[in-house]
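Here are a few exercises to work through with the model open beside you. Try each task before you read its solution.

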Amino acid sequence: MANESNAAHYYPSMNTNNRNVIIGPMNAGKTLLLSVLQLAAGTGAYDSSLNEISVRPSSGEDPITRLFQSARTALIRGEIPIDATADTVDFNFEIGLRPKRKGILGKIIANIVGQESTQQFSMLDGPGGTLFQSSKNTKSAEVDTAELTRYREEQLQRIREATGIIICVDPTDNDAAMTFFLDLPRFLADLNVRHLSAQRISFALTKADRQYGERDVNAERKLRQTCPAESLTRLLGRQNLRMLRTYLPNNTEVACCWTSVFGFTTKGAPNFDRQTNGLAVRANDEAISAVEALDEWRPHQVLEPFLYLSGGQKINMIPVPLN
Ligand SMILES: Nc1nc2c(ncn2[C@@H]2O[C@H](COP(=O)(O)OP(=O)(O)OP(=O)(O)O)[C@@H](O)[C@H]2O)c(=O)[nH]1
Ligand SMILES: [Mg+2]
């Protein structure tokens, strides 16, 4: 594949055994989460007191380059709604961590630890409606069934072989959460394997800005006090989580976190405008320029589910009890 050979050319140390997949019901927030990774790395959104973090496409020709660019445009305009994903796409990118050279100690550590450690991601994204079929995917209705079957099979195959899986669930969308809950057992059966290959699974509870009142300046603080593992268990039920465990090798780690692409304002209120479905703090002709709007944007824990997959980085990820 052209993309893979490009990636190998730019980054000869690429770890090819790093195939991942992002899944979840339609409209759960999968593609938007992927699209903001690069920008989020520049905001200090990740608790990076020790590390500087950077996200780069594996090659300039990889589809993630365009996705990152579309997120920049959307954030500057404050108009987030993006198109539902119509087919399967493999995104290739890398996340780099390097120790901050802050203070004398930091400089010493940076010199000892040396250069950046990088993790390559090959992340398959697809239309959520093809995996979790009881969702009403209007987009899917326009595509022929043979195509849908192919997208579904491609995603199932990647799930079987993936070392890391991100599962997005939008807890504010009751229908989708219920669909996911109802479909999970059948979906696991369709995988038709005894055990998956996954070493780590991250559950991302998306759209966390919508958990509390639209103008509530305490929303961010309240969210920090709400355990995502408890919310996830309530959403999926213990039985479903136990069933998931039966498909996992014994040493698979499973953790979850709240995520929000929209994030919170500096006052702690959701940066979400229910009327436009876009950002509350957005560039306008009067007070806020495009640059200011982008600088004000503070997404919440969007990098964490990805870093968790790469191992070692467990900041803000809460273990999910599967028993
Ligand atoms: N308030 C809020 N809305 C969000 C957030 N993330 C996503 N959304 C909304 O959810 C919509 C769907 O997000 P997508 O990323 O396209 O969802 P998806 O899971 O890729 O959906 P499919 O491609 O259909 O499977 C976006 O257009 C946004 O309007 C978030 O963090 N906060
Ligand atoms: Mg999508």
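**Exercise 1.** Which strands does helix 8 lie across, and at what angle does it run to strand 1?

*Solution.* Start with helix 8 (residues 145-161), which lies across strand 1, strand 4 and strand 5 (164-169). Helices here are DSSP runs of H or I with at least four residues, and strands are runs of E with at least two, numbered from the N terminus. Next, take the direction: helix 8 runs at about 125° to strand 1. Such angles run from 0 to 180 degrees between N-to-C directions, with axes fitted to C-alpha atoms, for helices over the stretch in contact.

Before going on, note that this is a predicted model, where local features need pLDDT of at least 70, side-chain atom pairs count only at pLDDT 80 or more, and totals for chains, interfaces and linings use all residues. Residues are numbered from 1 along each chain as its sequence is written, while chains are lettered from A and ligands numbered from 1 in the order in which they are written.

**Exercise 2.** What is the strand order of the open sheet, and which strands stand at its edges?

*Solution.* First, the order: the 8 strands of this open sheet follow 2-3-4-1-5-6-7-8, with mixed pairing. Two strands pair if DSSP finds at least two bridges between them. At the edges are strand 2 (51-57) and strand 8 (318-319), each with a single partner strand, so one side of each has no neighbour in the sheet.

Now step through some of the pairs:

- Strand 2 and strand 3 are antiparallel over 7 bridges, and valine 55 stands opposite isoleucine 95 in strand 3.
- Strand 3 (residues 89-99) and strand 4 are antiparallel over 9 bridges, with phenylalanine 91 opposite methionine 123 in strand 4.
- Strand 1 (residues 19-23) runs parallel to strand 4 (residues 117-125), joined by 3 bridges; arginine 19 stands opposite serine 122 in strand 4.

**Exercise 3.** Which residues come nearest to ligand 1, and how does its shell divide by class?

*Solution.* Of the 25 residues around ligand 1, the nearest are Lys30, Thr31, Leu32, Thr85 and Gly128. A residue belongs here if its C-beta atom, placed from the backbone, lies within 6 Å of the ligand. Helix 2 (residues 30-35) gives the most to this shell, with 3 residues. Finally, the shell divides into 12 nonpolar, 9 polar and 4 charged residues. Ala, Val, Leu, Ile, Met, Phe, Trp, Tyr, Cys and Pro count as nonpolar, Asp, Glu, Lys and Arg as charged, and the others, Gly among them, as polar.

How values were computed:
Two residues are in contact if their C-beta atoms, placed from the backbone, lie within 7 Å.
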